[in-house]
Amino acid sequence: MFGRLGAPEIILILVVIVLLFGAKKLPDMARSLGKSARILKSEAKAMKEESNASAQAPASNEQSASQRTIQAAPGDVTSSRPVNEPTDTTQR
């Protein structure tokens with residue numbers, strides 16, 4: 001039905017993607033995709049560690065589920081809080 005994709009077909013698909021989304025939006029899309037992949041990876045790791053901990057100590061796991069927090073990825077500035085800049089009180 002569909003043959004193998006060769007180099008000309010892949011180049012054509014990439015050109016169509018650039019035309020549809022625009023060259024300016026592609027880096028932002030790639031960046032958000034990377035952040036999503038990092039979050040997914042950290043969540044999968046946390047779930048794996050949680051399941052290993054629950055297998056070792058089933059009685060002490062009741063409280064850990066309610067106290068779990070999700071850490072932001074390094075370099076993620078969207079979850080940071082604004083900082084008040086000091087004001088200059090000297091008169092000039």
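M29 is partly exposed, with a relative accessible area of 37%; buried means under 20%, exposed over 50%, and partly exposed in between (1.4 Å probe, protein chains only). This residue lies in helix α2, which covers residues 25–56.

The structure is a predicted model, in which local features need pLDDT of at least 70, side-chain atom pairs count only at pLDDT 80 or more, and totals for chains, interfaces and linings use all residues. Residues are numbered from 1 along each chain as its sequence is written, and side-chain values use heavy atoms, with hydrogens and water left out.

The chain holds two helices and zero strands; these are DSSP runs (helices H or I, at least four residues; strands E, at least two), numbered from the N terminus. Helix α1, residues 7–21, has 15 residues and spans 21 Å from its first C-alpha to its last, close to the expected 21 Å; that expectation is 1.5 Å times one less than the number of residues. Just after α1, G22 adopts a positive phi of about 90 degrees.

M29 also belongs to a nonpolar surface patch, together with L5, I10, L12, I13, L14, V16, I17, L20 and F21, and the patch has about 940 Å² of accessible area. Such a patch joins nonpolar side chains (Val, Leu, Ile, Met, Phe, Trp, Tyr) within 5 Å, from residues with over 30% relative accessible area and no salt bridge. Areas come from the Shrake-Rupley method with a 1.4 Å probe; for residues, only the protein chains shown count as cover. The most is given by α1, with eight residues.

The whole structure contains one salt bridge, defined as a side-chain nitrogen of Lys or Arg within 4 Å of a carboxyl oxygen of Asp or Glu. R31 and D28 form it at 2.8 Å, N to O. Both lie in α2, three residues apart, about one turn of the helix.

| Residue | Relative accessible area | Class |
|---|---|---|
| R31 | 48% | partly exposed |
| D28 | 45% | partly exposed |

Of the 92 residues, 0% count as buried. The chain exposes about 9000 Å², of which carbon and sulfur atoms supply 61%.

The average pLDDT (the predictor's confidence in each residue, from 0 to 100) is 75, and 59% of the residues score at least 70. Over residues 60–65 the pLDDT is below 50, and this stretch has one contact beyond near neighbours in sequence, a contact being heavy atoms within 4.5 Å. Where pLDDT is low, the predicted coordinates should not be read in detail.

Methods
Patch = residues over 30% accessible without salt bridge, like charges linked within 9 Å, V, L, I, M, F, W, Y side chains within 5 Å.
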